[in-house]
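This briefing goes through selected contacts, salt bridges and backbone angles of the structure shown below. Please read it with the sequence and the coordinates side by side.

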Amino acid sequence: MLTTRIENRHGGGVPDVHVLWDGMPFWVELKVSKTNKVKLSPHQVAWHTAYWARGGLSFFLVKSLSSSYIHLIPGSEAVDLVQKPLSEVQGSMFAGPAPLVDALRAVIFDHYAGVVGRGPRS
C-alpha cells in the first residue's frame, strides 16, 4: 500500500490522503469530531460528490472524540454528512484500526471488482 499525504493550503476540496492499494486508487478525507457533527467546506462536499459520481472511490475517516469510534463514510455521503448528525449518516463504525482496515479492504476490492470488464466510463 502506498499512501501520500496531500498538503493543500489553497482549498479546492482535494482530500488529505491519496492511497494506492494493490493497484486500486482511492482518496481519504481525515476529520475529527468533538460532537455528533462533522465540519466540511462546500469545496469538500463538491469534490467528493463529483469524484464519486464519475466512478471514483473516496471516503471520510472521522475520529469521534465523544465516543472514541472511527467512522468510515463513503464520499457519496458528503451532502448527508454536512446536513445530518454523524450517527445518522450511512457508513460504518469501528472500535479500532484493525477492523477498519479489514472492512476498507473489502469495500475497495468489491468496488474495483465491479469496475473490471465494464470498459471506459463515459
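Leaving aside residues up to four places away in sequence, S64 touches S33, Y69, H71 and L86, where contact means heavy atoms within 4.5 Å. The model is a predicted one, in which local features need pLDDT of at least 70 and side-chain atom pairs count only at pLDDT 80 or more, while totals for chains, interfaces and linings use all residues. Residues are numbered from 1 along each chain as its sequence is written, and side-chain values use heavy atoms, with hydrogens and water left out.

- S64 belongs to strand β4, which covers residues 58-64; helices (H or I, at least four residues) and strands (E, at least two) are DSSP runs, numbered from the N terminus.
- With a relative accessibility of 3%, S64 counts as buried, on a scale where buried means under 20% relative accessible area, exposed means over 50%, and partly exposed lies in between (1.4 Å probe, protein chains only).
- Between S64 and K31, which stand 33 residues apart along the chain, the C-alpha atoms are separated by 8.7 Å.

**Salt bridges**

- The count comes to 2 salt bridges, a salt bridge being a side-chain nitrogen of Lys or Arg within 4 Å of a carboxyl oxygen of Asp or Glu.
- One of them pairs R5 with D16, with 3.5 Å between the closest N and O atoms.
- R5 lies in strand β1 (residues 2-5) and D16 in the loop between β1 and β2 (17-21), so this pair ties together parts that are 11 residues apart in sequence.
- D16 is itself buried, its relative accessible area being 15%.
- K84 forms a salt bridge with D80, and here the closest N and O atoms are 3.6 Å apart.
- K84 counts as partly exposed at 32% relative accessibility, and D80 likewise counts as partly exposed, at 22%.

**Positive phi angles in loops**

- D22, although not a glycine, has a positive phi of about 50°; this residue is found in the loop between β2 and β3 (24-33), and D22 is exposed, with a relative accessible area of 54%.
- S68 is a residue other than glycine whose phi is also positive, near 70°; S68 sits in the loop between β4 and β5 (70-74) and is partly exposed, with 44% relative accessible area.
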